[in-house]
Structure formats: structure tokens, C-alpha cells
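Colleague: I am new to this structure and would like to learn how to read it. Could we go through a few features together?

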Amino acid sequence: MKKSIITGMGHFVPQRVVTNDDLAKVMDTNDEWIRERTGIEERRHLGKNSETNTSDLVVKAAEMALKNAGISASDIDFIIFATLSPDYFFPGCGVLIQKKLGCDTIGALDVRNQCSGFIYALSTADAFIRSGIYRNILVIGAENHSFGLDLTTRSRSVSVIFGDGAGAVVVSASDEQGRGIITTNLHSEGEYAENLAVLFPGTQYGWADVLLDEDNPITADEIYPHMDGNFVFKHAVTRFPESVKEAFEKSGERIENLKLFIPHQANLRISQFVQRQLGLRDEQVFNNIQKYGNTTAASIPIALSEAVQQGRVQKGDLICMTAFGSGFTWGSVLMRW
Ligand code: UT7
């Protein structure tokens, strides 16, 4: 049976750097609080009036991934696109990438699993590759958060965290021994759907009717992201290690042999907590949240692309990617590079 290997990766972030001090100019926050509670020093924002869309960010990341893999857009058989900030409510972003890259009329699937979106997308690609249906799949995670963030004190615990960016990988079928995705696990707990959510637009509100109803305007709570920070944090530090341990148990691999753990960049404190629980050394964990903030579906592919650029992943190395977030959803991909 074919195995799935990652043959190319790319990432792209907007040029505009937004520091903690920049945020302190528009809301009641400060550099010390943000660094201490999240580890974030700066993030990238396209901004509310940007003409660049989520799909535009992806084009640059995808072109880098294709070049890296040594293939062209016509070699891609399928696209999987994970985002919570699509260009349109519908259709999804996958079709926009099919057009913008000039791919043939291949299938394009959108994944709506927020912070775990890339893990869900990569696991889906792996299933298509192993079943022999596709040979080269473009897997994307991208976000344009800044268009929808409430940059006022009211939403400060949410808005200081998130940043914009895109990452893409080419997943290809391979017969090479000792390489490829070994195991994946995916989980969800919809009971907590509203603990980290954007409630509008959604059918429960009647959507268009509400937008057009001048006497009953929608509220900021409905439009902007809402997060029970402490609650999400507590679940994250339980689910992350659980999912990693499940991957190792199922694979028969030993965690001592893990070369690099690439967690979803949710909060540096979460990554450090998980690192301690798993008994990992500093060099076994990749963190870049300091520079980009939490880029949701984009965070793991951006981190992976940077880790490879920095030479921290070599052929045959054991790597584990794990995410947790809105849904709640969580999961891992364990692979030999
Ligand atoms: O991406 C995947 C899913 N997301 C996550 O995994 C995020 C999980 N949660 C977190 O990362 C943290 O809960 C946050 C970073 C969001 C918040 O940190 P916290 O340590 O849980 O802070 P808190 O919400 O308990 O707030 C502590 C205090 C409050 O003030 P009082 O009530 O103690 O006087 C907040 O009003 O900090 C205040 N605060 C702020 N102060 C300055 C909240 N946000 C800010 C801010 N600047 N940006």
C-alpha cells in the first residue's frame, strides 16, 4: 500500500507587523500581559480594508510548496483547504485556489475545523493517498483573522492572540520504506461548540432577515469571536497530550525517539505545559507563536515549513503534529519525514 509523504511545503504571511505596543494604542492592554499570558510578541495583520483575501495569501504559500516539491499545478489531483475565515460564506476557498493556481477541474474540498483544520485536512489527504485514489494533494491551512477581529478593549483577550497567514503542503504517494504518515487520530466534542465560536452568520439567526431588520440589530457578541479562555485552556492542556499519547500507542513508536513536536500555536503557555506533561526537551518542540500569534488552521503548516527551512527536520525523522481548538476538535498526525 502507498504511504503519504510531504514532498513540498510553503508559507506566506502579510508584511504588516502588529506589535503588542501597537495593540496597546487601540485597546487597554500591554506588552507585559500579552507576553506573559501567551508568549506572543507580534503578529501579522492584513487589516480590515485589505484587498488581499485569504485565498490570495494561499497562492504565494502554494506556489512555494509546488516549487519545493518540484511539481507544477497541473500535477495536483485534489485540493483540501482548511480555514475559518474564507473569502465568501459560500462557496469555500478550495475552488478559488483551483482557479488561481490554474489547476485542471480537479476536486476541491473545504474543511471547517478551525484550529484543528490542518490536521483534519492532512488526515483526509492521507486516506485518499493510501486508498490509491490520488497521487498528489495540495493541503492548505490559511487565515485572514484581522478582517473580523474586534480591536477594542471589549474583546482584548481574544483579539491580541490571533494573526494572519497561510501554509501549504504537497502530500504525495510513495513506496519509500521508512517514510510517511504512520497514524492519525481525530476527535470532537460538540457539547462545547459555543465556548469558542463566531455565532453569526448562521442559520439559527435567520441570517439575511436579521441583517435587514433595522429594529433588531445583531450584537457585537454575535459577530465577533467569543472564547471562554480559561475553559478552552484547561481542555487544551488535557486533549493535546492525550492525542499525542494515542498516536504513539497506536503506532508502537517510542516518544523518546520523537525528533520534533509541532503543536498548533495556540498559546506558548499551552505548548510549554504540554511539553512538560510529555517529558519533551526544548529542542524537541517547535514554537513560532512569538512572531505570528495564533494563526489557527495556518499555524502548523507555517511552523512545519519554517522547521524544514531551519533544518530541524531531516529525512526519516519522527515528527508529530497536534492541534486542539474550536468545536471542540483535536487530533494528531504522526509521521516519518
Ligand atoms: O487556538 C485554539 C484555541 N484557543 C486557545 O487555546 C486559547 C486558550 N486560552 C488562552 O490562551 C488564555 O485563556 C487567554 C490568553 C485567552 C487569556 O489568558 P488568561 O490567563 O486565561 O486570562 P483571563 O482571561 O483569566 O484574564 C485575566 C485578567 C482579567 O482581568 P481581571 O478580571 O483579573 O481583573 C482580564 O480582564 O486579564 C485581563 N485581560 C487582559 N489584560 C490586558 C484579558 N485580556 C487582556 C489583555 N490585556 N489583552
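This is a predicted model: local features need pLDDT of at least 70, side-chain atom pairs count only at pLDDT 80 or more; totals for chains, interfaces and linings use all residues.

Colleague: How many disulfides does a search of the whole structure find?

Modeller: A disulfide is a pair of cysteine sulfur atoms within 2.5 Å. The search of the whole structure finds zero. For Cys93, the nearest cysteine sulfur belongs to Cys103 and is 14 Å away. For Cys320, the nearest one is that of Cys115, 17 Å away.

Colleague: Now the sheets. What is the order of strands in the open sheet of four?

Modeller: Strands of a sheet pair through backbone hydrogen bonds, either parallel or antiparallel. Here, strands (E, at least two residues) and helices (H or I, at least four) are DSSP runs numbered from the N terminus, and two strands pair if DSSP finds at least two bridges between them. The order is E8-E13-E12-E11, with mixed pairing. E8 (180-188) and E11 (260-263) are the edge strands; each has a single partner strand, so one side of each lacks a neighbour in the sheet.

Colleague: Which helix packs on this sheet?

Modeller: That is H9 (residues 229-251), which touches E8, E11, E12 and E13. Contact means heavy atoms within 4.5 Å.

Colleague: How many bridges join E12 to E13?

Modeller: Eight bridges join E12 (residues 318-325) to E13 (residues 329-336), and the two strands run antiparallel. Leu318 is buried, at 1% relative accessibility. Leaving aside residues up to four places away in sequence, Leu318 touches several others, including Ile182, Phe248 and Leu260.

Colleague: And why is strand E1 largely enclosed by the rest of the structure?

Modeller: Seven of the 10 residues of E1 (residues 3-12) are buried, so the strand is largely enclosed. Nine bridges join E1 to E7 (residues 165-174), and this pair runs antiparallel. Within the pair, Met9 has Val169 of E7 as its bridge partner.

Technical notes: Residues are numbered from 1 along each chain as its sequence is written. Side-chain values use heavy atoms; hydrogens and water are left out. Axes are lines fitted to C-alpha atoms, for helices over the stretch in contact, and angles run from 0 to 180 degrees between N-to-C directions. Buried means under 20% relative accessible area, exposed over 50%, partly exposed in between (1.4 Å probe, protein chains only).
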